[in-house]
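Hi everyone, thanks for coming. Let me put the structure up on the screen, and then I'll walk you through a few spots in it.

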Amino acid sequence: MARFHLPCALKITGIMPENATTKTFSLAGRLTADPGQFVMAWLPGFEDKPFSLAGADPISLTVAAVGPFSRAMHRLEMGDNLWVRGPLGRGYHLPGDPAHLLLIGGGYGVAPLLFLARRGVAAGHRVSMIIGARSSADLLLAPAFEALGSRVWLTTEDGSAGQRGRVTDAISRVLAEASPRPSHMYACGPTGMLRAVAAQEAAATMSLQLAWEAHMRCGVGLCGSCEVGQGWLTCLDGPVFQADPVVVPPA
Amino acid sequence: MNNPFLECEFLDFSLRTPLVLASGIIGTSATLMVRAAQNGAGMVTAKSCGPGPREGHPNPVVVDFEGGLLNAIGLTNPGAEAEAGLLTETRQQLRPLHVPLIASIFAGTVAEFAQVARVVASSEPDLIEVNISCPNVGDEFGTPFAGTCDSAAAVTAAVKGAVAGPIAVKLAPNVPDIARIAAAVVEAGADAITAINTMPGMAIEPVSGRPILSNRVGGISGPALKPIALRCVYEIAQAVPAPIIGTGGVCTGQDAAEMLMAGASVVGVGSAIYYRGVSALGQIAQELAEFMEAQGLSTISQLRGRSHRQER
């Protein structure tokens, strides 16, 4: 099993701009990992930070420049080192039999769902994708999902691309239009979006998996920083939960 | 977790299991401590609190160096006043589970230790653990008080004089003679000893040449700490009659049995939660009961100090 306990220096082999603030970094290394699992990425002199895997072979991370660490990452060039440890946490599970999967990504939450979609398509599942963002400039990775043969629905809050509104505004329409009706729903995005997805009437009748976000420090279940709900650790019990862990205690 | 094999006494408490959630491990909220209790902890220890709030060190704060873990969280805590509220809530939630709550305190001076103890005692924890041995804040707090008999005894006496309930003093492994320190704190009024805190260590990332932890150095826990802890507990048990919370690298039921045999009355569990998840407590308890059954032992007291009774 390919896993890095210690931060491992990996050369950057690819840098792909995804939009004005986001790049996908490919690294010279692979991990045995499930989509939804995360790694702690590190640059000496900076804090290490959790990132969901956008791919495991090769390791790839889709990162928006939003803080000191991610801005430093955006200054890296091909051949530079990025340090990675992981994979950590529990990821998404795919159904055993071929099914129609509905993936819902908000903002940067789209990245791990591309990893999930690739795995899903390779395993014979049909994959439909809802991508939501504030505006067309913030949309991520839609062509990559289309290249997999997935049907993609877009929503933007300002209506500059796709349906105006939020991802939840598209769910009932997609469920009505998509044939066969999707049986499994996977979501990744801001906490408010996940809560709204879990509260959808349709979610009650479908298998649901949500990748939760929380403030992480140690990343390995000891410090308690990422507690969510009644004593659940996002880094160890999650980040993927079967429901809103605040409302429904994980099994 | 109700197994008659595992029921035992510690100070005035009747415990369901001899396992204690160690300080600094998920002891940050009532809900997490209740979860530890539901999973098999006989007692739970809250994360150490000091006089005022502390954010702790920046990331990275933990390294898995394969022989164990190295951490320098940096005593993240909300301060004694806020901690007292958390302890009150936690104790109320633990009461129906019959799991005693241990508060943990640290401070920078002897007088501050007494002051923090008084604030924390207002929440009526079942036991106060006096952390005189955190290795990760040396720049701010000087040499840990656990380093000499005099400083360890001075803190112990000050805390004991400040509170009515029982206290345990948590000792450091990196001293020339831990048994002498233990004797000094018991002489100064400690009701129990917690042994041991983590062992100072370092991890360097070879490609960059940098220490991995932002604090540069940290405390070693997990499997690498176990033989050190067994030796310390063994020597303390020879020197003092006070009960010992034996802590360091216990990850399996057999590890727990060994710690009891070295002379511990109960067994702290910390890093095992990294290796096995929060259910580690229940798994260790189950394994300990199975080990006892296989060995024809039916009470924890038969394990306690067993290594001291073996002839060469």
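Let's start at A:P58, which is found in the loop between β5 (55-56) and β6 of chain A. Helices and strands here are DSSP runs numbered from the N terminus, with helices being H or I of at least four residues and strands being E of at least two. The bond joining A:D57 and A:P58 is a cis peptide bond, with omega of about 0°.

Before I go on, a word on what you're looking at: this is a predicted model, where local features need pLDDT of at least 70, side-chain atom pairs count only at pLDDT 80 or more, and totals for chains, interfaces and linings use all residues. Residues are numbered from 1 along each chain as its sequence is written, while chains are lettered from A and ligands numbered from 1 in the order in which they are written.

Chain B has a cis peptide bond to show you too, joining B:N59 and B:P60, with omega of about -10°. Look for B:P60 in the loop between β4 (43-45) and β5 of chain B. Why point these out? Most residues other than glycine have a negative phi, and most peptide bonds are trans.

B:L75 is not a glycine, yet its phi is positive, about 55°. You'll find B:L75 in the loop between β6 (69-71) and α2 (80-94) of chain B. Is B:L75 buried or exposed? B:L75 has 22 C-beta neighbours inside 10 Å, so it counts as buried. The rule, with C-beta atoms placed from the backbone, is that a residue is buried if 20 or more other C-beta atoms lie within 10 Å of its own, exposed if 12 or fewer, and partly exposed in between.

B:E124 also is not a glycine and has a positive phi of about 55°. It is in the loop between α3 (110-121) and β8 (127-131) of chain B. B:E124 has 14 C-beta neighbours inside 10 Å and therefore counts as partly exposed.

Next, a helix pair in chain B. Helix α8 (residues 253-262) and helix α10 (residues 280-294) of chain B pack at an angle of about 70°, their axes 7 Å apart. Axes are lines fitted to C-alpha atoms, for helices over the stretch in contact, and angles run from 0 to 180 degrees between N-to-C directions. So α8(B) and α10(B) are roughly perpendicular to each other, the word for 65 to 115 degrees (under 35 is roughly parallel, over 145 roughly antiparallel, the rest oblique). On the α8(B) side, the contact is made by B:G253, B:Q254, B:A256 and B:A257. Contact means that the C-beta atoms of two residues, placed from the backbone, lie within 7 Å.

Finally, chain A and its domains. The domain assignment gives domain 1 (4-88) and domain 2 (100-211), with bounds that come from an automatic or database assignment. The C-alpha centres of these two domains of chain A lie 23 Å apart. Their contact takes twelve residues from domain 1 and 13 residues from domain 2. On the domain 1 side, β1 (4-19) and β6 (59-64) of chain A each supply at least two residues.
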